Amino acid sequence: MDVVTETAARAAVDVVALGESMVTFLPARPGRLADVPSFDRGIGGAESNVLCALAAAGHTTRWVSRVGADGFGDHLVEAIARYGVDTSAVGRDPHRPTGIYFRTADDRDTDAHEVVYYRAGSAASVMARGSVDEDALTSGRVLHLSGITPALSADCLDLVRHLCARRTGRAPLVSFDVNHRPGLWKDAAAGPDVLLDLARGADLVFVGEDEAATAWGVTGGPDAVRAALPEPATLVVKQGHRGATVLRHGEDPVFQAALRVDVVAPVGAGDAFAAGFLSATLRGLPAAQRLRHGHLMAAAALTVPGDLATPPARAHADRLAALDDAAWGTLRLGPGWTANAPEESGAEEEVRTP
């Protein structure tokens, strides 16, 4: 593993994220992987998904990672950079490959869904303190991490533990998406305790109600999750199709219902929600608006086939997020809803009501 010996001076950005991205092969048609004759190439990675969505929404972002010195690494860096993400802190490993994976077109919540990863021994799986640019990691207003990275190796876990450690004067704000993936952990039984410990060190935590139940046996809603995670200043509990609740120190919990969406593919919605919430947080919007921007960004991802979608223009998202509760409850979003804002297209309302 080569060590970063030189760090270029970099301007501060809104959000920095650390994590592995992989080249994704998406089936040309539904069916078992054994039966699909061809695949389209894409990119995938929880943290880079968040950065790409934020960059597309007008924020400055930086990705810190490692990829192989191979064609797939070239593709990842170039594709993510095209979204406007700064990739200058991505290292190249001449001895280890870039991770790739294949998945079926089926909903990942069904038994028919298949995902096959080729990431063991990848360049990103050996990220460690000293092998990544730590100055770059602290160059943003927000550092976004997820529970996927610490599952990749002991070195990755040590790095994320270091970044999540609470200490006087720590900066930037640390955002942590639990992203519990049992299949990634060599010791699946240890994973939940590790994730709970890391989340306790973060300032802002995203966790699904279902994740909390599966990983930690916590049931009883957002208040029960907060009891298990009292430390983070802001806790966002995602409650599936019902909506999400934000709990902040010194404030009453705030719930916002999810939007009704004509789903094309469910992948990428969690990352998009985090991006929308972070975007509104960076703008200093109230808690309810942060949740609504999360829901809108998730709706953009849900209405396209891949992990990444073009977000709604900021003015369009602000207009929808400002609707009263009754109007918000009547919205139904379908494919193409982000393409043209009503004020641009001349339509009275581009979203559909039931």
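Modeller: Let us begin with the second largest pocket, which has a volume of about 360 Å³. This is a predicted model, where local features need pLDDT of at least 70 and side-chain atom pairs count only at pLDDT 80 or more, while totals for chains, interfaces and linings use all residues. Residues are numbered from 1 along each chain as its sequence is written, and side-chain values use heavy atoms, with hydrogens and water left out.

Colleague: What makes something a pocket, and how is a volume defined?

Modeller: On a 1 Å grid over the protein atoms alone, a pocket is an open set of points with protein on both sides within 12 Å along at least five of seven lines, and its lining residues have an atom within 4 Å of a point. Grid points are joined across faces, edges and corners, and the volume is the space filled by probe spheres set on the points. Here 18 residues line the second largest pocket, and Ala-151, Leu-152, Ser-153, Leu-184 and Lys-186 lie nearest its centre. Strand S7 (115-118) and helix H4 (154-164) each give two or more residues to that lining. Both labels are DSSP runs, numbered from the N terminus: helices are H or I with at least four residues, strands E with at least two.

Colleague: Why is strand S1 called largely enclosed?

Modeller: Buried means under 20% relative accessible area, exposed over 50%, and partly exposed in between (1.4 Å probe, protein chains only). Six of the six residues of S1 (residues 13-18) are buried, so the rest of the structure largely encloses this strand.

Colleague: How do you know that S1 pairs with strand S8?

Modeller: Two strands pair if DSSP finds at least two bridges between them. S1 and S8 (residues 140-146) have four, in the parallel sense, so they count as paired. Val-15 has Val-142 as its bridge partner in S8. S1 also pairs with strand S4 (residues 61-68), again parallel and over four bridges, and there the partner of Val-15 is Thr-61.

Colleague: Which strands does S2 join, and in which sense?

Modeller: S2 (residues 22-27) runs antiparallel to strand S3 (residues 39-44), with six bridges, and parallel to strand S6 (residues 100-103), with three. Phe-25 stands opposite Arg-41 in S3 and opposite Phe-102 in S6.

Colleague: What makes a group of residues a nonpolar core?

Modeller: The set must be buried Ala, Val, Leu, Ile, Met, Phe, Trp, Tyr and Cys residues joined through side-chain atoms within 4.5 Å. The largest such core has 55 residues, and Trp-63, Phe-206, Val-236, Leu-259 and Leu-296 have the most contacts inside it. Helix H9 (residues 287-302) gives the most to this core, with nine residues. Apart from it lies another core, of 45 residues, including Cys-156 and Leu-229.

Note on methods. 1 Å grid on protein atoms, 1.4 Å probe; cavity = no way out; pocket = protein on both sides within 12 Å on 5 of 7 lines; lining within 4 Å.
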